[in-house]
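I opened a new page for this model.

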Amino acid sequence: MATTRVSLLAQFTPPSLFRTWSSQPHHSLPLLATASSDKSVRIHSLTSFNLISTIEGAHKRSIRSVAWKPGTEGDPVLATGSFDSSVGIWRWCGDGAVPQPERYEGNIEGGSGSNDEEDEEEWRFAVTLDGHESEVKSVAWSAGGNFLATCSRDKSVWIWEEMEDDNFETIAVLQEHEGDVKCVVWHPEEELLASSSYDDTIRLYKEDIDDWTCISLLKGHSSTVWCIDFEPPSNPSIVPTGDILSSASTRFLERRKAAGPRLISSSDDLTVRVWSRVLKEKDRALTGHGRMPNSIRTGSIEEEWVKEAQLPQVHTRVIYSVAWSKQTGRVVSAGGDGKIVVYEERLRSGSRVSAAHRDIHGDPVGTRNSLVEGDVQSGGSADTQSESADDNARESGPDAAATEWVVLAEMAAAHGVYEVNHVCWAKRFDKDRTRDEEIIISTGDDGTVRAWVLES
């Protein structure tokens, strides 16, 4: 049986002389932005892995997080969150030219690299967003690019709306967490925001009439939840190609589609967990037997999310980062032990079990997603879940579909003896790429950013 390994493709050059916190690839251009403790953002090419420019001069302390605004391919916009408690908005203004890949690579091949004067001309610091009282830990744009979420050590989550260029309005200050808020991320299809915290919880927020409110509290982790990420809308990893699905498998996939993208989290408790939305009765009744899922949710704005799975435990120290691939549906994690771990979810047939042994989705408990035996999900007591399982099982039938998570590959000491602060997936742009290939980007305490590929 062939094994998969994580192999180093390239190290972005030159490395930083200071700790690097996180990196984010642009949505469509071959650009990678890296937040650094030297108060700068380094922009690298994903084609040559060379430094293009350095953005600096606005923040007074480390830049902890960066995020590219969606829908700005012609004029990229970058948000930065800093330990100086402020958020910065940067706009591309390089001589009016659209920053296409050819333009960047032309600069690199010409040997110009990073030039301070050129950097100042190409990137304009547009506006500072003030309000947080302590270090800003994470910034994230909504899928449509109209909202920007920020979170801080001050235990708050802020939502900003861009009314027009360089004019942002605070539309919500959410103070639900009881500790440092580590990460914010938006749902890929809905205006649904998630945050994770030092208080060991995850919270979900939606707008209710004119106010944003917490609609769900996810408990289960026993220590700080460092990172969260939503599943891509169409996850290819669990949809087999060329196979004829059983009716149970079809119903399983219909229910999953109706529930929408799941959420994944990584924690100081050394676990990576998957959370899923529980369908309300009206939504559940409208799925199955070829019927289309109902995307309109009526009634209370509150939602129930439960722990669906706990991935195989590989890490031995805090897991700082986790990311869900939009291309393959695989998951990558990294943390204080210096490891990069890649996981894959696989569809399999469920065994015949009694209705009392099916989970809230109508699937076999303990087999659907490799849940630890005896682990009670956060949706309620074991008795309550059994009753709910009975109802779902009547609809699902005795042969429900199931999935399992497996470790696909692992890389130890990815940054030598240093911690890996962040990992993410990025489209591959270099000359040796194959069509639609992806790479893993890791950002380390050693100041280096590295690109990795999966090889069989």
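Entry one. I looked up Lys206 and found a salt bridge with Glu190, the closest N and O atoms being 3.5 Å apart. The two sit 16 residues apart: Lys206 is in strand S16, and Glu190 is in the loop between strands S14 and S15. I kept in mind that this is a predicted model.

Entry two. Are these two residues buried or exposed? Lys206 has a relative accessible area of 17%, so I noted it as buried. Glu190 comes out at 24%, which counts as partly exposed.

I turned to Glu231 and Arg262. Their salt bridge has its closest N and O atoms 2.7 Å apart. Glu231 lies in the loop between strand S18 and helix H3, while Arg262 lies in the loop between H3 and strand S19. Glu231 is buried at 3% relative accessible area, and Arg262 is buried at 1%.

I checked Arg124 and found a salt bridge to Asp166, 3.3 Å from N to O. Arg124 is in strand S9 and Asp166 is in the loop between S12 and S13, so the pair ties together parts 42 residues apart in sequence. Arg124 is partly exposed at 36%, and Asp166 is partly exposed at 27%. Both belong to a salt-bridge network that also includes Lys69, Arg91 and Glu162.

How many salt bridges does the whole structure hold? The search found 28.

Residues 129–161 are 55% strand and 0% helix. Residues 436–456 are 67% strand and 0% helix, with end C-alpha atoms 17 Å apart.

Notes:
Residues are numbered from 1 along each chain as its sequence is written. This is a predicted model: local features need pLDDT of at least 70, side-chain atom pairs count only at pLDDT 80 or more; totals for chains, interfaces and linings use all residues. Side-chain values use heavy atoms; hydrogens and water are left out. Helices (H or I, at least four residues) and strands (E, at least two) are DSSP runs, numbered from the N terminus. A salt bridge is a side-chain nitrogen of Lys or Arg within 4 Å of a carboxyl oxygen of Asp or Glu. Buried means under 20% relative accessible area, exposed over 50%, partly exposed in between (1.4 Å probe, protein chains only).
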